[in-house]
Amino acid sequence: MGENEDSAKSLGLNTNKYRYLAVLLGSFFCALAGINLALERMTIFTNNMTAGRGFIAIAAIYCGRGDPLSSSVYAVIFGLARALAVNLSLHAGAAAAVFDVIPYVVMTVVLTVVSIVKYRNHKVRGV
């Protein structure tokens, strides 16, 4: 219901209904993502195959400050970093595992830059 539930209630919206709907919809899409991951890699199923991708999704939401368009841009950036890691590891041979760290390094750098920009904006505004 956003940051101000009282304003939604003042419009006559049933906030509980929308909350449950949001949780169910989010759960449905998480289930689809899990099904996709399991079916896509069915022949090479391993334990912990998600490997921190949920944390990267949370980082994309944080960097985008909850705005769907901005969060999508950050998710694409992190996805490109993952694709780079996969492509580099195909040609690396025995050192392939070294490239698995690329998405996390990119995520850390982006989170640091976003935090610095956010801190400077608050400092300039005097908040």
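This is a predicted model: local features need pLDDT of at least 70, side-chain atom pairs count only at pLDDT 80 or more; totals for chains, interfaces and linings use all residues.

User: Where is Ser71 found, and is Ser71 buried or exposed?

Analyst: Buried means under 20% relative accessible area, exposed over 50%, and partly exposed in between, with a 1.4 Å probe and protein chains only. Ser71 is found in helix 4, helices being DSSP runs of H or I with at least four residues, numbered from the N terminus. Ser71 counts as buried because its relative accessibility is 11%.

User: Which residues make up the largest nonpolar core?

Analyst: In soluble globular proteins, nonpolar side chains tend to be buried together. A nonpolar core is a set of buried Ala, Val, Leu, Ile, Met, Phe, Trp, Tyr and Cys residues joined through side-chain atoms within 4.5 Å. Here the largest one has 9 residues, namely Ile56, Ala59, Ala60, Cys63, Phe78, Met107, Val110, Leu111 and Val114. Helix 3 (53-63) and helix 5 are the elements that give two or more residues to this core. Not counting residues up to four places away in sequence, Met107 touches Phe55, Ile56, Ala59 and Phe78.

User: How many salt bridges does a search of the whole structure find?

Analyst: A salt bridge is a side-chain nitrogen of Lys or Arg within 4 Å of a carboxyl oxygen of Asp or Glu, and the search finds 1. Asp100 forms a salt bridge with Arg82, and their closest N and O atoms are 3.8 Å apart. The pair links distant parts of the chain, 18 residues apart, with Asp100 in the loop between helix 4 (68-90) and helix 5 (102-125) and Arg82 in helix 4. Asp100 is partly exposed, at 38% relative accessible area, and Arg82 is also partly exposed, at 27%.

User: How is a pair of aromatic rings described?

Analyst: Such a pair is described by the distance of the centres and the angle of the planes. Rings of Phe, Tyr and Trp (its six-membered ring) pair if their centres lie within 6.5 Å, and planes under 30 degrees apart count as stacked, over 60 as edge-to-face and the rest as tilted. The search of the whole structure finds 1 aromatic pair. Phe28 and Phe29 form this edge-to-face pair, at 5.5 Å centre to centre with 65° between the planes. Phe28, found in helix 2 (residues 15-40), counts as partly exposed at 46% relative accessibility.

Technical notes. Residues are numbered from 1 along each chain as its sequence is written. Side-chain values use heavy atoms; hydrogens and water are left out. Contact means heavy atoms within 4.5 Å.
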